[in-house]
Amino acid sequence: MKQILMLMAWLAFSSAVDAQYTFDRYPTYKGSDLGLTYTPSSSVFRIWSPPASAMELKLYETGTGGVAKQTIQMQKNVSGTWVAIVNRDLKGMFYTVRANINGRWSNEVTDPYARATGINGQRAQVLDLKETNPVGWEQDKSPNFSEKNLPTDAIIYELHIRDATIDEESGAKHKGKFLGLAETGTRNKAGLSTGLDHIKELGVTHVHLLPFYDYNSVDETKTGQYNWGYDPVNYNVPEGSYSTDAADGRTRIRELKQMIQAFHQNGLRVVMDVVYNHTALTETSNFNQLVPGYYYRQKPDGSFSDATACGNETASERAMMRKFMLESVVYWVKEYHIDGFRFDLMGVHDIETMNLISDTLHKIKPDILLYGEGWTAGASPYPEEKRALKKNAHLLKGIAVFSDDIRDGIKGSVFDIKDRGFATGKAANTESVKFGIVASLPHRQIDMSKVNYSKEAYASGPSNVITYAECHDNNVLWDKIALSVPEASEEERKKMHELALTIVLTSQGIPFLHAGSEFLRSKFGEENSYNKGDSVNAIRWGLKTKNKSTYFLIQKLISSKKWHSSFRLSSADDILKSIQFIENNPEGVISYMTHEVISNPSMKTEQKRNIFVVYNGTRNSQTIQMPKGLWMPLDVMCLEGVLSPARIVEGAFDLAGFSGDILVEVSR
């Protein structure tokens with residue numbers, strides 16, 4: 001029996017090795033015309049499928065149903081591609097392809113490079129993309145977000161398109177749609193701004209939108225469907241459920257462009273959340289139907305590996321998957337004027353591919369913003385040292401990783417709902433927060449043995465790290481606080497929440513906020529709301545009225561982040577030289593000194609100005625000893641945008657429990 005099992009294991013391993021050997025022998029197509037090349041006089045279809053012995057193109061008049069109006073035998077061409085040329089105007093027609101591999105026909109699938117589809121993405125559509133451009137699209141430009149547009153000058157706001165306007169109080173006409181987020185002048189019942197106007201008023205620079213490519217989990221023929229969209233089907237096609245007419249490929253493209261154009265016109269850049277690490281479908285995906293196994297990694301037994309916990313993981317290191325990823329992001333930048341990308345489970349991808357993407361995109365748009373999750377959801381067969389994991393962040397060029405050290409340092413572990421963080425009374429997380437304050441860089445005043453996850457610095461600079469306390473995953477901050485500190489009053493939880501975001505917005509790195517947190521958004525304790533619908537996920541705009549003081553605090557902190565260069569240093573040397581932690585604080589208190597240089601061009605002078613930042617993560621008021629000199633609070637702790645009367649601090653002052661303060665030196 002043992003010999004039989006050993007033989008079976010050897011055969012499985014041999015099969016996996018043979019498959020990899022076969023994949024390595026597949027030719028790489030170097031051209032840039034995969035998919036459809038359309039002109040009014042002809043349409044050229046080119047599909048890559050080296051193992052196919054035959055390939056068919058089927059043309060339809062509709063996006064679903066009916067029978068093919070024409071079936072065309074594609075011709076074998078160079079480097080494993082198959083080509084069909086139709087010498088007439090096919091605009092508006094739909095198409096699928098299928099391959100004959102090992103004597104069997106695959107399912108009809110969409111072209112992986114499809115740029116337009118019909119309902120539910122079942123068939124690709126032939127379009128003239130120029131006809132999808134809204135008025136003035138050719139003049140659309142990404143707005144400046146600072147004088148130099150450095151990554152550390154960015155302030156990111158993470159948002160789900162439907163969540164933003166589906167609430168009755170959003171005031172939007174096109175609720176839950178691309179066009180809803182393009183509307184201006186929307187107000188809640190109290191007359192406060194909502195939607196796009198609110199985001200602009202808040203002062204963030206980049207809006208990170210959860211996936212808006214065509215995904216699998218929402219039936220576009222129905223209303224009221226909900227999902228975050230981390231289940232991609234057609235990577236280069238906008239999601240139809242966010243369009244007013246999902247059946248018309250032109251409409252969804254045009255309306256997405258209108259939304260992006262509106263953001264740009266209002267001084268905001270758009271970051272696209274992309275999920276190249278897995279596909280919604282595995283055996284039946286268009287990738288796998290056309291080139292079985294190639295686009296995915298395999299275990300030693302030949303089965304699909306699954307570092308994404310979604311049934312498969314893509315093989316970015318293989319030439320044609322790498323090519324697909326690169327050409328896809330370039331397409332989104334050129335056709336849709338996208339300003340940045342967030343890569344889901346980036347730790348699945350290989351470093352070489354990610355750096356190639358970064359190099360290419362930075363040549364097209366030098367100030368593009370790139371970041372991703374430096375982890376996986378499971379084990380991968382691809383070597384760790386070659387993957388874009390957090391610990392390898394310093395090997396990534398122009399790409400940031402999320403810091404789970406400061407995230408969980410602030411609020412407690414996302415995997416243990418009862419665990420508390422520094423902002424909720426756990427003084428043991430002090431060093432984790434300090435490590436986050438310096439953007440995961442080496443600093444002589446941090447005891448790395450006490451940092452929660454990382455035991456050594458991993459970033460190459462502050463632009464290499466995303467600083468945050470929450471995102472769409474896990475409990476939102478307000479719920480995490482309520483669940484981990486159940487004995488706290490609502491007012492105390494509010495102070496904890498504000499302290500958490502104060503830390504984020506006064507730390508180094510690229511700050512990242514989750515939409516609605518600025519007015520204490522709740523998801524009613526739902527830890528994973530990816531498919532929980534509007535009743536859980538909708539941003540309830542009445543909360544802005546109820547929690548105006550928190551909103552104005554966050555707005556002021558954002559303004560301070562922009563105004564004071566000391567909160568957005570751009571190099572590791574600057575951070576090491578500028579940030580000095582104060583020793584011998586009471587337990588549960590963090591304070592540090594930093595400085596900035598103020599230039600006076602008219603007087604041709606420069607003046608160094610010291611800034612003192614302190615956080616009290618305890619329930620009780622603490623006496624804070626100040627450095628010598630006279631200090632004036634940077635009055636961000638104010639209501640309704642009205643500055644508090646200035647007060648001068650000298651020697652010491654009392655800081656309330658679960659709060660922070662920022663003071664500027666006015667005299668020495």
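# Aromatic pairs, helices and cavities

Visitor: Are Phe-23 and Tyr-26 buried or exposed?
Guide: This is a predicted model in which local features need pLDDT of at least 70, side-chain atom pairs count only at pLDDT 80 or more, and totals for chains, interfaces and linings use all residues. Residues are numbered from 1 along each chain as its sequence is written, and side-chain values use heavy atoms, with hydrogens and water left out. Buried means under 20% relative accessible area, exposed over 50% and partly exposed in between (1.4 Å probe, protein chains only). By that rule, Phe-23 and Tyr-26 are both buried.

Visitor: What kind of pair do the rings of Phe-23 and Tyr-26 make?
Guide: Rings of Phe, Tyr and Trp (its six-membered ring) pair if their centres lie within 6.5 Å; planes under 30 degrees apart are stacked, over 60 edge-to-face, and the rest tilted. That rule gives 35 aromatic pairs. For Phe-23 and Tyr-26, the centres are 5.9 Å apart and the planes meet at 55°, so the pair is tilted.

Visitor: Phe-402 pairs with Tyr-468, so to speak across the chain; which strand holds Tyr-468?
Guide: Their rings are edge-to-face, 4.9 Å centre to centre with 65° between the planes. Phe-402 counts as buried at 3% relative accessibility, and Tyr-468 does at 1%. Strands (E, at least two residues) and helices (H or I, at least four) are DSSP runs numbered from the N terminus. The partners are 66 residues apart, with Phe-402 in β17 (residues 400-402) and Tyr-468 in β18 (residues 465-468).

Visitor: Let's turn to Tyr-294: how far is its C-alpha from that of Ala-315?
Guide: Tyr-294 sits in the loop between α6 and α7 and, at 4% relative accessibility, counts as buried. It touches residues including Phe-23, Tyr-26, Trp-48 and Ala-315, leaving out those up to four places away in sequence, where contact means heavy atoms within 4.5 Å. Tyr-294 also belongs to an aromatic cluster whose members include Phe-23, Tyr-26 and Trp-48. Although Tyr-294 and Ala-315 are 21 residues apart in sequence, their C-alpha atoms are separated by 7.8 Å.

Visitor: How many residues of α7 are buried?
Guide: The end C-alpha atoms of α7 are 25 Å apart, in agreement with the 26 Å that its 18 residues should span at 1.5 Å a residue; the expected span is 1.5 Å times one less than the number of residues. His-337 follows α7 with a positive phi, near 60°. The helix is largely enclosed by the rest of the structure, because its buried residues number 15 of 18.

Visitor: What covers the buried residues of α8?
Guide: Helix α8 (residues 351-364) reaches 20 Å from its first C-alpha to its last, close to the expected 20 Å. Its buried residues include Ile-351, Met-354 and Ile-357. Among the elements covering them are α7 (319-336), β15 (340-343) and β16 (369-372).

Visitor: Which residues are closest to the centre of the largest cavity?
Guide: A cavity is a set of points on a 1 Å grid over the protein atoms alone where a 1.4 Å probe fits but cannot get out, and lining residues have an atom within 4 Å of a point. The whole structure has 3 cavities of 30 Å³ or more, and the largest holds about 90 Å³ of space. Both β2 (42-48) and α6 (286-290) supply at least two of its lining residues. Of the 13 residues in that lining, the closest to the centre are Ile-47, Trp-48, Pro-112, Tyr-113 and Tyr-295.

Terms used:
1 Å grid on protein atoms, 1.4 Å probe; cavity = no way out; pocket = protein on both sides within 12 Å on 5 of 7 lines; lining within 4 Å. Points joined across faces, edges and corners; volume = space filled by probe spheres on them.
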